[in-house]
Amino acid sequence: MNTIVSPHLDDAVLSCFGVIKDSLVVTIFAGYHDINEWDRKCGITDNKARHREDIRVLSGLGANYRHDDYQEGGSFFLEIKGDNIYFPMGIKHSDHIRLREKFVQLLKQGKFPGSNVYFYEDFPYLVDSKE
């Protein structure tokens, strides 16, 4: 089974579209929060709507999901397993960077025996917005 670790609700779909079918997408920072500037730019006026959208899209792509209840910028715990684990490289966004650092630390401790680990490029953070 593929497990895709997604920092936020849209990251797996934007970055791992090619391997998402039949995968489990684990979104770490999926705790409910006040609507922020990014949400407003995307037309989101209600955080529950963002969760419903994520579930609808993932289901439509043939993926399963797990929404962890951690807040952006807060502490978190990683409980991840799978034959193939896809993890963000951690480009630019602080949550992505912290997540990658924690995962690499656990990987060095041998916490994912028997799993193949792949790092994916974080889109849209991979692309410089000034280009």
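**Exercise 1.** Which residues have the most contacts inside the largest nonpolar core, and how many residues does this core have?

*Solution.* Before we start, a word on the model: it is predicted, so local features need pLDDT of at least 70 and side-chain atom pairs count only at pLDDT 80 or more, while totals for chains, interfaces and linings use all residues. Residues are numbered from 1 along each chain as its sequence is written, and side-chain values use heavy atoms, with hydrogens and water left out.

Step 1: recall that a nonpolar core is a set of buried Ala, Val, Leu, Ile, Met, Phe, Trp, Tyr and Cys residues joined through side-chain atoms within 4.5 Å; buried means under 20% relative accessible area (1.4 Å probe, protein chains only).

Step 2: the largest such core has 14 residues, and V5, I28, L78, I80, I85, F87 and L99 have the most contacts inside it.

Step 3: β2 (24-27), β4 (84-88) and α4 (94-108) each supply at least two of its residues. The top contributor is α4, with three residues. Here helices (H or I, at least four residues) and strands (E, at least two) are DSSP runs, numbered from the N terminus.

**Exercise 2.** Describe the surroundings of S6.

*Solution.* Step 1: find S6 in strand β1 (residues 2-6).

Step 2: its relative accessibility is 0%, so S6 counts as buried.

Step 3: leaving out residues up to four places away in sequence, S6 touches D11, A12, V25, V26, T27, I28 and Y120, where contact means heavy atoms within 4.5 Å.

Step 4: a polar atom of the S6 side chain lies 3.1 Å from the backbone nitrogen of A12.

Notes. Buried means under 20% relative accessible area, exposed over 50%, partly exposed in between (1.4 Å probe, protein chains only). A polar contact is a pair of N or O atoms within 3.5 Å; within protein, one must be able to donate a hydrogen and the other to accept it, and residues adjacent in sequence count only if both atoms are side-chain atoms.
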